[in-house]
Amino acid sequence: MSDHDYRPKSKVGQWFNDRLPLLTLANHLTDYPTPKNLNYWWTFGGILTFCLITQIVTGLTLAMHYIAHADMAFESVEHIMRDVNYGWLIRYIHANGASMFFLAVYIHIFRSLFYGSYKAPREIIWIIGIIIYLLMMAAAFMGYVLPWGQMSFWGATVITNLFSAIPLVGEGIVTWLWGGYSVDNPTLTRFFTLHYLIPFLILGLVVLHIWALHVPGNNNPVGIDVKKPSKDTVPFHPYIVIKDGFALLMFMIVFAFFVFYAPNILGHADNYIEANPMVTPAHIVPEWYLLPFYAILRSVPDKLLGVVAMLSAILILAVLPWLDTSKIRSAVFRPLYKQFYWILVADVLILGYVGAMPAEGLYLLIARVATAYYFLHFLVILPVLGIKEKTLPVPLSITEPVLGGSPNLAAARNKESKIE
Amino acid sequence: MSEKKTKRRDFLFTATTAVGAVGAAAVVWPMIDQMNPDASVKALASTEVDVSSLTPGNTLTVLWRGKPVFIRRRTQEEIDEARNVKMEDLIHPEKDEDRAKNPEWLVMLGVCTHLGCVPLNDKGDYNGWFCPCHGSHYDTSGRIRKGPAPWNMEVPKYEFVDANTIKIG
């Protein structure tokens, strides 16, 4: 790679870089060769970085006013909303920011699934991503508990009780998690501590995620290996920076819509009632981004197996690079996989919908079918498809299909060589 | 070189690692155990409830160790219903006689054994309790009859201090 030979122009720069090669790193990041055919689905990495930083900054400022105590938490959140200067804004950004974070991460994950970005040699990037996703869910869940409303309290009760499904030691683990015999003040203070810690763990993992990405380089919509740097790549700066920046602006419009026009639409009205250990709300639902997994949990009539199914639904993603036996990465060249991909998308959306509905009658039946299909997709369809599917011919380079499609091939070739 | 003899140095490595592991565990344990219920939480072990105002067919809910406790003064119908159930119809077989020593009084934790929600009174297919979270039905003895909950609602340790006072815990 060219950045190994990098030398800063100024004397001071050279002096500094010889002692701490930060400028070499900066040069690597700006010159980083990126496939030139990346589409807008590839801009969500940058958007997610923005989301993480937004959550950390708004979280830090909220923590200056929030009081982690069962008697005062609910009031301190109202204090933030009413008394603290711009407190309403900061809190609404933080609360909706969690939803935006998940929206972006789901698009990011499904981008990976469509274009086969999890396949060799990018398995480690993918697995780090799954760990980040798990930590995001933990952080979001604990963050939701902090306002100490009814949904906070009962959400915490239901989720921590999942651990009681573990044979023999389950009850002990739940008591240990609570620091008492029910969700109470000790639970709140430890959740606050962990909620504060996790974003920084995620930040560290994001560094590893990007580091692991920069070893093989980006996958791309065609899904073939590209030589880098070559005529198939462009430098990260300014090409990708501008594209990411534009996508981020579009994303921020959506973000701002929720913050300013519908700040509570993704939340639950019951959470504006202070936690009451004597009364469970009539209908407990988690935040929208956890609904598909909640539907899986409820679709299994046995407590332990329900928990196992829910966890497996997430952890199965970690072994996806080995379940998908196809050598072809991009769904563009996999006519059958492309169809199953969209069925999976629909399946997850259906699970999300029934997760928000009462677990009875038709909803329960749909949840069961959708749960079965979810596992079928990963455990049966993907391994078989890689062997049976007749894939389309894959181009040799990113440039080839563009040139091949040109009526004036010679002219295009000529032009291409001039650019080089 | 195929024969590898155990040397003094191997012993030292093993011994050092073992001592180090024990030391690390000794330091980690307090960090883990500090999360268990503390002395002040444990101290709130029992509570006394005046039940003189409770008429048959009504339930009093009190908080004990942060959890709701249902105290139900059952009607004769409810008692009969609970006692006439065949053991083989139960998911978690327990005799009503064992759950309510004094048949008129049913005292149990108002916590669904599925995922810990508080079931609703006088609801469900068995005229007992119904958990709104994931649809568990309990009978007039608080026994699980239908739904995902694995066990009957738990009967805590309690006693009648006098005719009108129950001590829970």
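**Exercise 1.** Are A:F110 and A:Y341 buried or exposed?

*Solution.* Start with the source. This is a predicted model: local features need pLDDT of at least 70, side-chain atom pairs count only at pLDDT 80 or more, and totals for chains, interfaces and linings use all residues. Residues are numbered from 1 along each chain as written, chains are lettered from A and ligands numbered from 1 in written order, and side-chain values use heavy atoms, without hydrogens and water.

Now apply the cut-offs. Buried means under 20% relative accessible area, exposed over 50%, partly exposed in between (1.4 Å probe, protein chains only). Both A:F110 and A:Y341 are buried.

**Exercise 2.** Classify the ring pair A:F102 and A:Y289.

*Solution.* Recall the rule. Rings of Phe, Tyr and Trp (its six-membered ring) pair if their centres lie within 6.5 Å; planes under 30 degrees apart are stacked, over 60 edge-to-face, the rest tilted. Over all chains, this rule gives 32 aromatic pairs.

**Exercise 3.** Classify the ring pair A:F110 and A:Y341.

*Solution.* Take the distance: 6.2 Å centre to centre. Take the angle: 75° between the planes. The pair is edge-to-face. Next, widen the view. Ring pairs link A:F110 and A:Y341 into a cluster with A:W42, A:F114, A:Y115, A:Y337 and A:W342.

**Exercise 4.** Which ring does B:R65 lie over?

*Solution.* B:R65 lies over the face of A:Y181, 3.9 Å from the ring centre.

How values were computed. A charge sits over a ring if NZ of Lys or CZ of Arg is within 6 Å of the ring centre and within 35 degrees of the ring normal.
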